[in-house]
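This briefing is meant for someone meeting the structure for the first time. Please look over the sequence and the model before reading on.

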Amino acid sequence: MIIILLGPPGAGKGTQAGTIAEKYSIPHISTGDIFRANLKEGTPLGLEAKKYMDSGALVPDELVVRLVGSRLDEPDATSGALLDGFPRTVAQAEALAEYLAAKGRQVDHCVCLNVPDEALIKRLSGRRMCRECGAGFHVDYSPPPADGRCSKCGGEIYQRDDDREATIQNRLKVYHEQTSPLVEWYGQRGLLRNIDGQGSVEDVQVRIFSALGA
Ligand code: AMP
């Protein structure tokens, strides 16, 4: 089973991903997480990606496609994968379809989480993360512990550089210009599952599983 999680930044892709991946026993592959992990390690990939991430721009297609291709070749992904934050351009979607077809595989569902821009800005500007385990918090909806340490692993809670006000606007612009054409692209192929991404985490989860027929 290959599932794509599509939606603007802050729509809740990362929040929903774990449950979906667990349900289908497939790995959760987030390109953003891979870039952040590489940046933390100071690898050449991380340093290259940083040039784009800091302004909210997209990392070049060629680099991302190569990265995801090799990740999908790993043994745990032979039975499928949950792709979170990839593809983000039509060129990436085409490259993915070609790559999978060459291996007799294909995308099964593209789950698109829909949330209006005003709500996204509120969600992203209040978002906080654990530097160690990636756990998510929100200053209003799910406040991190007062001591600034993660309640799950004790790691440092921080605000992603690209979750700052100026960058958020650019990420939304980039989404509308470069990523939202994928809604039509997957729609034309009968793979799009449109989900209302507003409401509680549990409500959205129920909608996703119902759309997937699970
Ligand atoms: P995310 O955690 O998914 O919001 O991704 C954070 C940043 O990583 C994005 O703003 C991009 O700069 C970069 N990135 C992640 N996935 C992709 C992708 N599929 N294509 C291009 N850039 C990406």
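Predicted model: local features only at pLDDT ≥ 70, side-chain atom pairs only at ≥ 80, totals over all residues.

Residues are numbered from 1 along each chain as its sequence is written, and side-chain values use heavy atoms, with hydrogens and water left out.

**Salt bridges**

- Side chains of opposite charge can pair when their charged atoms come close.
- A salt bridge here is a side-chain nitrogen of Lys or Arg within 4 Å of a carboxyl oxygen of Asp or Glu, and by this rule the count comes to 15 salt bridges.
- One of them joins the side chains of Glu-132 and Lys-40, at 3.5 Å from N to O; because Glu-132 lies in the loop between strand E5 (127–130) and strand E6 (136–138) and Lys-40 lies in helix H2 (residues 31–41), the pair ties together parts that are 92 residues apart in sequence.
- Helices (H or I, at least four residues) and strands (E, at least two) are DSSP runs, numbered from the N terminus.
- Glu-132 is exposed, with a relative accessible area of 51%, where exposed means over 50%, buried means under 20% and partly exposed lies in between (1.4 Å probe, protein chains only).
- Another salt bridge is formed by the side chains of Arg-131 and Glu-156, at 2.9 Å from N to O, and this pair links distant parts of the chain, with Arg-131 in the loop between E5 and E6 and Glu-156 in the loop between E6 and strand E7 (157–158), 25 residues apart.
- Arg-131 is partly exposed at 36% relative accessibility, and Glu-156 is partly exposed at 35%.

**A buried pair and its network**

- Arg-160 and Asp-162 meet through their side chains in a salt bridge of 2.9 Å, N to O; Arg-160 is buried, with a relative accessible area of 10%, and Asp-162 is buried, at 11%.
- Salt bridges that share partners join Arg-127, Arg-160, Asp-162, Asp-163 and Arg-171 into one network.

**Helix H4**

- The buried residues of H4 (residues 61–72) include Leu-63, Val-64, Leu-67 and Arg-71.

**Ala-57**

- Ala-57 is found in the loop between H3 and H4 and is partly exposed, with a relative accessible area of 29%.
- Although Ala-57 and Val-174 are 117 residues apart in sequence, their C-alpha atoms are 6.8 Å apart in space.

Note on methods: Expected span 1.5 Å × (residues − 1).
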